[in-house]
Amino acid sequence: MSTLDDWVAAVTVDLGLEQQVDRSLVLDLARDVAHGVARPAAPLTTFLLGLAVGAGADPRETAAKIAALAEGWDPDRVSETTLED
């Protein structure tokens, strides 16, 4: 096992989580958001993924939805829309 695998396993046990963590899914999502939106958005987004999964969402479907949003992210379009509301 790698240090990262050991860490994830230790935190999973310490928090009493029963669901296995798909490390690649989370890291790939963080990468997509960091490159498509902004680096600080990566940990916040993975936290939001965790909240959604904790509420019952499917991890793969939710990560795919977020990744698609990040891929097409245009902060200028969002700012213009927000200002018009």
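A helix axis here is a line fitted to C-alpha atoms over the stretch in contact, and an angle between two axes runs from 0 to 180 degrees between N-to-C directions. The model on screen is predicted.

**Stop 1: the whole chain**

Show the chain as a cartoon. Five helices and zero strands make up its secondary structure, giving the pattern α-α-α-α-α along the sequence. Of the 85 residues in the chain, 18% are buried. Now consider the contacts in the chain with a separation of 6 or more: 40% of them join residues 24 or more positions apart.

**Stop 2: helix 2 and helix 4**

Select residues 23-36, which form helix 2, and residues 59-71, which form helix 4. At what angle do these two helices pack? The angle is about 15°, and the axes lie 9 Å apart. Angles under 35 degrees count as roughly parallel, and helix 2 and helix 4 are therefore roughly parallel to each other. The crossing of helix 2 past helix 4 is left-handed.

Show side chains for the contact. From helix 2, pick Leu25, Leu29, Asp32, Val33 and Gly36; from helix 4, pick Pro59, Arg60, Ala63, Ile66, Ala67 and Ala70. Coloured by class, this contact of helix 2 with helix 4 shows eight nonpolar residues, one polar residue and two charged residues.

**Stop 3: helix 2 and helix 3**

The axes of helix 2 and helix 3 come within 8 Å, crossing at roughly 135°. Helix 2 and helix 3 are therefore oblique to each other. Helix 2 passes helix 3 in a crossing that is right-handed.

On the helix 2 side, the contact consists of Val26, Leu29, Ala30, Val33 and Ala34; on the helix 3 side, select Ala41, Ala42, Thr45, Thr46 and Leu49. How many charged residues does the contact of helix 2 with helix 3 have? There are no charged residues in it, and the rest divide into eight nonpolar and two polar.

Two residues of helix 2 can be picked out before moving on. Val26 lies in helix 2 and is partly exposed, with a relative accessible area of 28%. Leaving out residues up to four places away in sequence, Val26 touches Thr46 and Leu49. Draw a distance from Val26 to Pro43: the two are 17 residues apart in sequence, and their C-alpha atoms are 9.7 Å apart.

Arg31 is also found in helix 2. Is Arg31 buried or partly exposed? Arg31 has a relative accessible area of 42% and is partly exposed.

**Stop 4: helix 3 and helix 4**

The crossing of helix 3 past helix 4 is right-handed. Select Thr45, Leu49, Ala52 and Val53 on helix 3, then Pro59, Thr62, Ala63 and Ile66 on helix 4, to see the residues that make the contact. By class, the contact of helix 3 with helix 4 has six nonpolar, two polar and no charged residues.

Centre the view on Thr45, which is in helix 3. Buried means under 20% relative accessible area, so Thr45, at 13%, counts as buried. Beyond its neighbours within four places in sequence, Thr45 is in contact with Leu29, Val33 and Ile66.

**Stop 5: the nonpolar core**

In soluble globular proteins, nonpolar side chains tend to be buried together. Which residues form the largest nonpolar core here? Select these 10: Leu25, Leu29, Val33, Ala41, Leu49, Val53, Ala63, Ile66, Ala67 and Ala70. Helix 4 gives the most, with four residues.

End on Val33, one of the core residues. Which residues does Val33 touch, not counting those up to four places away in sequence? They are Ala38, Ala41, Ala42, Thr45, Ile66 and Ala70. Val33 also belongs to the contact of helix 2 with helix 4 and to the contact of helix 2 with helix 3.

Conventions
Residues are numbered from 1 along each chain as its sequence is written. This is a predicted model: local features need pLDDT of at least 70, side-chain atom pairs count only at pLDDT 80 or more; totals for chains, interfaces and linings use all residues. Side-chain values use heavy atoms; hydrogens and water are left out. Angles under 35 degrees count as roughly parallel, over 145 as roughly antiparallel, 65 to 115 as roughly perpendicular and the rest as oblique. A crossing is left-handed if the near helix is turned anticlockwise from the far one by less than a right angle, and right-handed if clockwise. Contact means heavy atoms within 4.5 Å. Ala, Val, Leu, Ile, Met, Phe, Trp, Tyr, Cys and Pro count as nonpolar, Asp, Glu, Lys and Arg as charged, and the others, Gly among them, as polar. A nonpolar core is a set of buried Ala, Val, Leu, Ile, Met, Phe, Trp, Tyr and Cys residues joined through side-chain atoms within 4.5 Å. Buried means under 20% relative accessible area, exposed over 50%, partly exposed in between (1.4 Å probe, protein chains only).
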